Amino acid sequence: MVRVSPRTPNPPRVLIVDDQPSFRGMARKVLEWRGYAVAGEADSGAAAIAAAESLAPDAVLLDVCLGEDSGFDVACTLTQARPDLAVLLVSSMTTRQCEPLLRACGARGFVLKCDLGHADLAAFWPACGA
């Protein structure tokens, strides 16, 4: 497992976007344990776009299903506004049938929520220095 060093002077700042407070809390703990700084949280597509504009995170951890919003659409909006923004999609369900959407939305990749604790985040967020 790759971890950002706790001594990293400027750890990558991540925005967590999920409509479930319990997942946002768990993701915050996992990311902080792995050396990332959580820039903020959002619970909807609109809140994610506003938070990305105001907080200017290095990366976004973005749920595919945001209630009535599509994580693919949000990723597209975020990456069109900031092509360098490292968006990683997550879901509790596999998205094999959504491969074309994944490539088209500008996200760097996809990880199952249950795999977040041991996923190689540096493979998706290399520009963040992770």
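Visitor: Is Lys-113 buried or exposed?

Guide: Buried means under 20% relative accessible area, exposed over 50%, and partly exposed in between (1.4 Å probe, protein chains only). Lys-113 has 13% relative accessibility and therefore counts as buried. This is a predicted model, in which local features need pLDDT of at least 70, side-chain atom pairs count only at pLDDT 80 or more, and totals for chains, interfaces and linings use all residues. Residues are numbered from 1 along each chain as its sequence is written, and side-chain values use heavy atoms, with hydrogens and water left out.

Visitor: Which side chain meets that of Lys-113 in a salt bridge?

Guide: A salt bridge is a side-chain nitrogen of Lys or Arg within 4 Å of a carboxyl oxygen of Asp or Glu. Here the partner of Lys-113 is Asp-18, at 2.7 Å from N to O. Lys-113 lies in the segment after strand S7 (109-112) and Asp-18 in the loop between strand S1 (13-17) and helix H1 (21-33), so the pair ties together parts 95 residues apart in sequence. Helices (H or I, at least four residues) and strands (E, at least two) are DSSP runs, numbered from the N terminus. Asp-18 is also buried, with a relative accessible area of 0%.

Visitor: Which residues are linked in a network of salt bridges?

Guide: The network links Arg-24, Arg-28, Glu-32 and Glu-41. Within it, Arg-24 and Glu-41 meet at 3.1 Å, N to O. Arg-24 is buried at 12%, whereas Glu-41 is partly exposed at 34%. Glu-32 and Arg-28 meet at 3.2 Å, N to O; they stand 4 residues apart in helix H1 and are therefore separated by about one helical turn.
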